[in-house]
Every structure is written in structure tokens, then in C-alpha cells.
Amino acid sequence: MTDVTGLEPGLRIGNYLLESPVGRGAFASVWRAVHHERRQRVVAVKIALDPAYRRQLATEGLLPDVDDPRVVPILDSDTRFSERPYVVMPYYERGSLAQRIAAAPGGLPEDEVERLLTDILGGLSAAHARGIVHRDIKPSNILLTDDGGAVMADFGLSLCAEGATLLGSLIQSMSIDDSRRTLAGTLAYLAPEIVDGSPPSPATYVFSVGVVLFEMLTGRRPCGPERPLEVRADLVADIGWDELYARACRPREARFSDAAAMLARFKEMTAEAAPAAARTSSSSAPARPSVVAFAQPAQEETGTIAPLSRGDVACTCCAFSPDDALVLVGATDGVVRVWRTDTGDEVRRIAAHKLGIRAVAFAPDGAAFASASVDQSIRLWRTDTGRQFKLLAGHEAAVSCIAFRLDDAQLVSGSVDNTARVWDLSAGRAVQVFRRHRSGITSLAVSRSGKYAVTAGFDKVARLWDMATAIQVRKFSGHRDLINAVALTPSARFLITGGDDARVVIHDASTGKVLRTLDEHRGWVSCLAVTVDGRYVASASEDRTARLWDIVTGNEVNRFEGHAGSVWTVAHALKHPWVLTGGADGAARLWDAESGRELHTLLLKP
């Protein structure tokens, strides 16, 4: 059958007969093929599709071959004279690392990760030594060998002009439709300096390797300020996975300088630890993500874009009191800080949890507030004294989100254990459990009436629940990647989601229909907050901005810029036109929503 590109089994490309499609991206299509005379010789043929990519190949040709066993060799090519420019490479029966990760949703065995990471860094080091950098490092561009190793494929993006930025080159080399589809997936692996438009360097691609490492260890890409050991409890801590990931994903000046430096440190770490064969390593990945056990000493928290060194703190969540007089700021050090909005002064600091805090919320009357943590617990505190008066335990993994019902009697929580729970606060126990999500829950919201709750997470959908029966009422789609944030307008007319695909999607809550997609952010959307009148929604993003949108028109009303790293959280005041943001730079910022002026900067000092 002929596909939309005009390619079909049996078609001859150069000396090769196409057999079956292997994959297709924005730039090219890859087919399994055989030599037209030597049919036993199976190869992979990559055929250029995008017109700009074809022109680039025709005018610039291919990069010099990197003679290294960890880099896919080029066996044959015709990029200048063929009607369909093509490159011939060995065919790898085991497929790509992306396929391997998909088959092990809880993460790969550690000895396998060690071997793969060594080969990935070795291949990149060999390329860097020849002045070549791989500009699109991601699992689908890493192929698996029969002996369990890895080879780096698709150095095609290295053809981009050195004077151009990577992001610009990617966009210019794609059609409009393909750009929206493929660039969103690529963004998750891009270093923040690339998103900012800065020129790349070898350290830029170390960041991409860090994201791939996290994905190999846990089965998914990092979400906010996570560490591998928080997500997967059976990892061997003495290998130093957290340190390696953190150093790979720090700001460029604090990152490994190149792949060779990261490889050297990794070899040191594995040599210091017990041999891989002596470690306990499950052959099958855990069915559900977990967090590091309490017996492990708490280590510094790290973030996706700018993991922090020991002693630094990042803001992960925030909330206004009902009268707007106070704000809560939860952080990676497990501390809740209470600030006054009129002066910007810190009035209380509570060492609330042993591990990082993921959510905070005031009770509707303001007399109490709740905090939720990677340590799997939810704790309730007196606002006036800062004393804990209730502990809610029952989740089996990190608690990622919480919300009170308006009657003060119940609280709803969501967790990476794939469940949401409704808690009776007087009894201190869960009275309802929502179980339809296939993977972790990242965000939730409760309707003003208290009748409905909405949850969203890693399975790329949001779900509306009847609070009384725990029955799913409706499912909402519209994202190509995991959903990090969900919000409901007070009237429950609109349901809004934000995700790793850098989109904010506005849905009709009564029908599930997508009304509008806002795709102006240049990085994943981490948090959403709706104004009390239901007219506007604020979004926080990896691109270091928070933005205010008109929900009905989709127009951007204001933009809040000033954070030096990813913005992880945003909240709206109830009685004033204020917006509160916080993020990886260790600061919470209070803004005038109407003018965009910054009112206070709240520094989260250890």
C-alpha cells in the first residue's frame, strides 16, 4: 500500500527495495529494505521528506562519518542527485530506546541503564571529539544493538547552520503541521538556553542526556522538581543517580561541560559503588512509581530545568488565604513558608515534611491549611500557631495535589499512585477513592458546589468525577503529552488543562469538547489558576513566564516575567487583582495582575 509520502513496499530507492515502514518523523521516513541484488542484506533506508531538509542535504551533503561503534554508520547515500535523497544505515532488529522504555513503564533494570548510558555518552563523546554535536537527543534517536548496547542515530540536525539557534533551525525545517506535532515532543529534551534562543554548546546536549537518563530509570520524563529516587524506590542510591541527573540538568554554567565529562564522572560513581552484578535489580520494572523510603537520608531536591545544589531551595506550590492577607509557599526542602502580602515579610516557617512539598491549600475559612509531600503524607496545620493537628496517610506514592471542599469537612488529594481520594477530616480517613487513571495524577480541582472533582495526569486525559459516588462523569482529551495542571471555572462552565506539550486547552465542561487551544508557551505548562470571577486563567511555564489569558477569547491579557528559571506554580488572590508565582529560581513573586507590575519578591532562603 502506498502511504501519503508516495512510498510503498517494492519501490526501489537507489540500489535498495523498500520492504516495510519503520517510522516517520517531520524530516524523513525510515524503511526496512534489502539490496536489490543481495536480498539477504537487510538495511534501514532514511528518505528525506521535508523540502527544506532535502535542499539542505543537496547543498551541504552529509557530515563526515564518525568512526565509532556507538554511532550508527552510514553505509550508502545519495543526497545530491536522487529525486528522493536517502541515507542507508544498518537495520537494528531491537528497535529504539523509546520502544524499550514503552515496554517497561516503571523503568529499566539498573544494569541495563548503566550499559546504555555508557554507550550513549561514549558515542556523543566520539562525535564531540570531531567537532560534531547531536542536536536531537531523545530515546527515538537511540537504537539498541543485539548485545544489549546502544548506538546514536540521526545526526541529521547537525547540518543546521552554526550561526542559527537549534530551536529556530528545527522550526524552519518543518512544515507548520509537523512543527506543532514534533517540536512539542522535542522540547521536553531541550535545554533552557535553547528555548531562550541562545546558541548551543556541548553542555547543551548533556541536558538532553539527563532527561533521557531520568526516563530510562523511571519510565517517564521528569515532571517538575523530581529526582529519580523519589519516583522509583528500588534504585540503588549509592550509584548516585540523583547526583548524575541533577548535574546534567543544572543551568549551563554548572552542568557537565560535555558528554566526556559526564561519562568520566559516571565511571567514577559506578566504580565506587558495588558491581552491577552484585546489586539487587529486578528483571521486571515496578508496576507503579514509588518514592524513596524514609530510611534514606533526605537529599537536596532537584528540578527538571534547573536542579539545585545542596542548600538551594525551589518553590513548588503556593496559595492565598481567603482574605488575601497571607500566602503559603511550599518548597523542595519540605518547609512551608507563610508570608504577609502587604509587606512581603515572612511570618512563619514550618518544617512540615521530610521530603519536598508538592501542594499547599488553605481551608475555606482560613483557620487551617494543608500540605502534601513526596513523603506520601498530607498534614493539616493551624494557621495562627503553625501547629499540626491532623495527619492523613494512605497514599502509596508521592501526593501531588490537594484541594478543600467549601464545607471544610473534606479534602481531596491526588497521587502518583494513580488514585485520588476524598478524606473525611474529622475522622482522618479516606471515604472515596477514584481509580480510573492508568498512571499518576498530577493535578486536581473541585467545583465551587463541591459536587464534582476533576483530576488529570500522566495518561494525557482529565476526568470529571461525581464526588458522592466516585463515578467518572466525563473524560477530556486534547493533549499530546502528560497533563500537569487542571482548573475549573467557578460556574463549572469551562475546564482548562495545561501539559508537557506546552499547551493550555480550554474545554466545554458539560460536553468535553475542546473550545480553544492556546499554544504560545515555549515550554511545558506546569500550573493553572482561574480568577474568582471565572473570566481569566493564569498559566505557569517552563519558559520562565506566567501568562494571563481571557478564557472566552483566548487572548493573552498580561505576561509576568522576572523568574530566572522555570515557573512551577501560580495562584490568584480572591479579593485583589494579584497573581503569585514561584519556581526553580527559589523565589516567589507577587504581581499586580492588571498592570503586570511586581509588588514583592519573596526569597526562599534555606
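Is R32 buried, partly exposed or exposed? In this predicted model, R32 is partly exposed, because its relative accessible area is 22%, a value that falls between the limits of 20% for buried and 50% for exposed residues.

**The sheet around R32**

R32 belongs to strand β3.

**Salt bridges**

Side chains of opposite charge can pair when their charged atoms come close. A search of the whole structure finds 19 salt bridges; the table presents some of them.

| Pair | N to O distance |
|---|---|
| E93 and R32 | 3.3 Å |
| R221 and D481 | 1.9 Å |
| D459 and R463 | 3.4 Å |

The side chains of E93 and R32 meet in a salt bridge. The pair links distant parts of the chain, as E93 lies in the loop between β6 (86-90) and α2 (97-102), 61 residues apart from R32. E93 counts as exposed, because its relative accessibility is 53%.

R221 forms a salt bridge with D481. R221 is located in the loop between α7 (202-218) and α8 (228-231), and D481 in the loop between β24 (471-476) and β25 (483-488); the pair therefore ties together parts that are 260 residues apart in sequence. Both of these residues, R221 and D481, are buried.

The salt bridge between D459 and R463 likewise involves buried residues, as D459 and R463 are each buried.

**Residues with positive phi**

Which phi value does D324 have? Its phi is near 65 degrees, a positive value in a residue other than glycine. D324 is placed in the loop between β9 (315-320) and β10 (326-331), and D324 is buried, with a relative accessible area of 1%.

R544 is not a glycine either, yet its phi is positive, at about 75 degrees. R544 is found in the loop between β30 (536-541) and β31 (545-550). With a relative accessible area of 25%, R544 is partly exposed, whereas D324 is buried.

Definitions and conventions. Residues numbered from 1 in each chain as written. Predicted model: local features only at pLDDT ≥ 70, side-chain atom pairs only at ≥ 80, totals over all residues. Heavy atoms only, no water. Helix = DSSP H or I, 4+ residues; strand = E, 2+ residues; numbered from the N terminus. Buried < 20%, exposed > 50% of the residue type's maximum accessible area, 1.4 Å probe, protein only. Salt bridge = Lys/Arg side-chain N within 4 Å of Asp/Glu carboxyl O.
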